[in-house]
Amino acid sequence: MGPLTKDYHDAISDFSSASTSTESLVKPRASYDSIDNYPDRHFEDVFLARSRVLRRNRSWREFFSMGVKARRRQAGDIGDNAAKDESNLGLLATGYVRRAHRKRSCWNYCIFGGISGLSILAALLSVNITLAAFTIYWYPDIDRVFPNWGQPGTGTEGLAWYPTDFTRDIVPIPCHSHNDYWRKVPLFSAVRAGCVGVEADVWLFNDDLFVGHNTASLTRNRTFTSLYIDPIVKILERQNPNTGFYNRTSHGVFDTDPEKALILLVDLKTGGAETWPWVLKQLEPLRERGWLSFVEHDKLHSRAVTVVGTGNAPFDVLTANSTYRDAFFDAPLETMWEARGKTPEGHVLNGSNPGEWSDEDEDLTEEATPISKPLNNVGQGMSGVTADSEFNELNSYYASVAFGKAVGIIWRGRLSLRQIGIIRGQVRGAHRRGLKVRYWDLPSWPLGLRNHVWDVLVKEGVDMLNIDDLRAVSRHVW
């Protein structure tokens, strides 16, 4: 055996001995480490499995053949890498936490700010309500400061109040107190609320006029004179004192507006031809003091009280005296509708706003049944009227009609455009004749519908609201 051959065999022997010495340190082989364990496999599969085993054994040998320092250095590198990974994960987690914290902070600020704002608002409202209640219930009325003012023995007997103090703080409003006699205090309740119109239903029995809605409500002491004529005389006497400073009769009922006339609407419930003369007779106390509005020689003179006849009041009897009369008729408004177009004077009217001009037209005219001779006791606006009757400011004051009769049923709680057009045409025709428009029998319920009707009538130029609720109209809650 030559030297080279000997060296080769020595190297093989050393390798074998090294393998044998380290075999106890190698991880035990699996059951497939020997080729004999793969009798049914293909040779390539066996070769690949063997290669994996060898690579794994070599990794273990290299690890154990490394020095202690090398192993520590490798472990340190692995630790540093893990630390770096943990640091990176920490930074990512910290950013996410910060963003989440920022979102939660904004949400908390919004909630806290909203609750704080609402709390402050509630506190302010509570303080406001408390102060308002304190003002209402504990603030002393200026009139209570002088409980004995004007009483005998106080030295203020002659300084009690000034002469016209009865309506000193009342602002008149264009409303008519419907069925005024139903009030707890007729006439005075309406005047106190500011209504410029009152109504009395009169019945003729035993040569006297009694006031009531029907015969079941009549009593001996509730007469036209006791409920209306005498109280009006007393009010106007206080409003027109005879002093060294004033000695006239021109001051009206309302101290804030002395020129405003009180409208006394007399609704005749019994026969018009028999009842009307008694109405004129009982107006004498107002007539003799010069407080009745009148027409003389085709000229209108306005005074403190204007009397209007309605119901069965006969138009022909009321206007029989062409020289002088101090009572006026309640004309039929339903006959005065005028379309937009030319009037008898040649003007062109606009229906969008009463009194303006336009050339547009509406087709809402109604055919009126001609009346050849006057009919008696047929109700408001038609008693004593013929086809030739003309209504103007010299013989009439109001032009009235029942609201339902004029516009029909109100659907869905609101007036339709057609119904508003009817109102505009009637207002237009009445104003052209110089008359005041009044719709009676207005809806009173529901309140939303009532308020809507009131609002539309005022905006469309209706002159007098026919009302039952004095408080609502005087406080303008609609």
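**Thr 275 and its surroundings**

Modeller: Leaving aside residues up to four places away in sequence, Thr 275 touches Val 202, Leu 204, Leu 209, Leu 268 and Thr 270. Please bear in mind that the model is predicted.

Biologist: Is Thr 275 buried or exposed?

Modeller: Thr 275 has its place in helix α6. A residue counts as buried under 20% relative accessible area. The relative accessibility of Thr 275 is 0%, so this residue is buried.

Biologist: Which residues does Gln 282 touch, beyond those up to four places away in sequence?

Modeller: Gln 282 belongs to helix α6, which spans residues 272–282. With 11% relative accessibility, Gln 282 is counted as buried. In sequence, Gln 282 and Asp 208 are 74 residues apart, while their C-alpha atoms are 9.1 Å apart in space. The residues touched by Gln 282 are Asp 208, Leu 209, Phe 224, Thr 225 and Ile 229.

Biologist: What share of the residues in the protein is buried?

Modeller: The protein contains 12 helices and 12 strands. Of the 478 residues in the protein, the buried share is 37%.

Biologist: Among contacts between residues at least 6 apart in sequence, what percentage joins residues at least 24 apart?

Modeller: A contact here means heavy atoms within 4.5 Å. Among the contacts between residues at least 6 apart in sequence, the part that joins residues at least 24 apart is 62%.

**Strands and their partners**

Biologist: How many residues of strand β7 are buried?

Modeller: Strand β7 covers residues 305–311 and is mostly covered. The cut-off for a buried residue is a relative accessible area under 20%. The number of β7 residues that are buried is 7 of 7.

Biologist: Which residue of β9 stands opposite Val 308?

Modeller: Strand β4 (residues 262–268) runs parallel to β7 and is joined to it by 7 bridges; within that pairing, Leu 264 has Val 307 as its bridge partner. β7 also pairs in the parallel sense with strand β9 (residues 328–332), over 2 bridges. The β9 residue opposite Val 308 is Phe 328.

Biologist: In β12, which residue is the bridge partner of Arg 438?

Modeller: Strand β10 (residues 396–402) pairs with strand β11 (residues 436–440) in the parallel sense over 5 bridges, and Ala 402 has Trp 440 as its bridge partner in β11. Strand β11 is also paired with strand β12 (residues 464–467), again in the parallel sense, over 2 bridges. In β12, the partner of Arg 438 is Met 464.

Biologist: Why is one side of β6 and one side of β8 left without a neighbour in the sheet?

Modeller: An open sheet is formed by 3 strands in the order β6-β5-β8, with antiparallel pairing. β6 (300–301) and β8 (324–325) stand at the edges, so one side of each has no neighbour in the sheet because each has a single partner strand.

Biologist: Where is Asp 298 found, and what is its phi?

Modeller: Asp 298 lies in the loop between β5 and β6. At 57% relative accessibility, Asp 298 counts as exposed. Although Asp 298 is not a glycine, its phi is positive, at about 60°.

Biologist: Is Asp 207 buried or exposed?

Modeller: Asp 207 is in the loop between β2 (195–205) and β3 (208–211). Its phi is near 60°, a positive value in a residue other than glycine. The cut-off for exposed is over 50%; with a relative accessible area of 54%, Asp 207 is therefore exposed.

Biologist: Which loop holds Pro 446?

Modeller: The peptide bond from Trp 445 to Pro 446 is cis, with omega near 0°. The loop that holds Pro 446 is the one between β11 and α11 (447–459).

**The second largest pocket**

Biologist: How many residues in the lining of the second largest pocket are charged?

Modeller: The second largest pocket holds about 410 Å³ of space. It is lined by 20 residues, and the closest to its centre are Ala 261, Ile 263, Ser 302, Tyr 397 and Lys 436. The lining divides into 9 nonpolar residues, 5 polar ones and, as charged residues, 6.

Technical notes
Residues are numbered from 1 along each chain as its sequence is written. This is a predicted model: local features need pLDDT of at least 70, side-chain atom pairs count only at pLDDT 80 or more; totals for chains, interfaces and linings use all residues. Side-chain values use heavy atoms; hydrogens and water are left out. On a 1 Å grid over the protein atoms alone, a cavity is a set of points where a 1.4 Å probe fits but cannot get out, and a pocket is an open set with protein on both sides within 12 Å along at least five of seven lines; lining residues have an atom within 4 Å of a point. Grid points are joined across faces, edges and corners, and a volume is the space filled by probe spheres set on the points. Ala, Val, Leu, Ile, Met, Phe, Trp, Tyr, Cys and Pro count as nonpolar, Asp, Glu, Lys and Arg as charged, and the others, Gly among them, as polar. Helices (H or I, at least four residues) and strands (E, at least two) are DSSP runs, numbered from the N terminus. Buried means under 20% relative accessible area, exposed over 50%, partly exposed in between (1.4 Å probe, protein chains only). Two strands pair if DSSP finds at least two bridges between them.
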